[in-house]
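User: I am new to reading protein models. Can we go through this one step by step?

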Amino acid sequence: VESRAARIYLDDEKPPFDSEPTNRTVEIRSAARFECSPPAVVPAPDRVHWEFAGKPLQNRRRYSVNVNTNTFSIKKAKLSDAGLYTCVATWNSGSTRLESRPGKLTVIAGTTISDVIVKPA
């Protein structure tokens, strides 16, 4: 018989996420993706979702939230997408909440031919 080690957390302790979002830097109009894995605890979270500036993110034209893989994607990043993205796990219909460490998205303006000034030698 083989067994696994168990972790026990007290009421005031919060288990860490198994994996948390990592910082990303993308060029404007490029895709960006964040992933997370909530802690493997019993009971499992009722819901896992993503937040930006404290507000829940939902599927929209440029955004994609996959609740099966706990990923959040932006199809074409804008400068206004830059900031901190947090993965949130909730239990008991949201009364218990655990946030990941945020992942920072930096969006940089790409260089185009018109941005480059060539001075004659």
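Analyst: Two strands pair if DSSP finds at least two bridges between them. Strands (E, at least two residues) and helices (H or I, at least four) are DSSP runs, numbered from the N terminus. This is a predicted model: local features need pLDDT of at least 70, side-chain atom pairs count only at pLDDT 80 or more, and totals for chains, interfaces and linings use all residues. Residues are numbered from 1 along each chain as its sequence is written, and side-chain values use heavy atoms, leaving out hydrogens and water.

User: Which strands stand at the edges of the open sheet?

Analyst: The open sheet has three strands, in the order E2-E6-E5, with antiparallel pairing. Two of them have a single partner strand each, so one side of each is left without a neighbour in the sheet. Those edge strands are E2 and E5.

User: Is the pair of Trp50 and Phe72 stacked, tilted or edge-to-face?

Analyst: Rings of Phe, Tyr and Trp (its six-membered ring) pair if their centres lie within 6.5 Å; planes under 30 degrees apart count as stacked, over 60 as edge-to-face and the rest as tilted. The structure holds six aromatic pairs. In this one the centres are 6.3 Å apart and the planes at 35 degrees, so the pair of Trp50 and Phe72 is tilted.

User: How many residues apart are Trp50 and Phe72?

Analyst: The pair links distant parts of the chain. Trp50 is in strand E3 (residues 47-52) and Phe72 in strand E6 (residues 71-74). The separation is 22 residues.

User: Is Phe72 buried or exposed?

Analyst: Buried means under 20% relative accessible area, exposed over 50%, partly exposed in between (1.4 Å probe, protein chains only). Phe72 has a relative accessible area of 1%. Phe72 is therefore buried.

User: What angle lies between the planes of Phe72 and Tyr85?

Analyst: Both residues, Phe72 and Tyr85, are buried. Their rings form a stacked aromatic pair, 5.3 Å centre to centre. The angle between the planes is 25 degrees.
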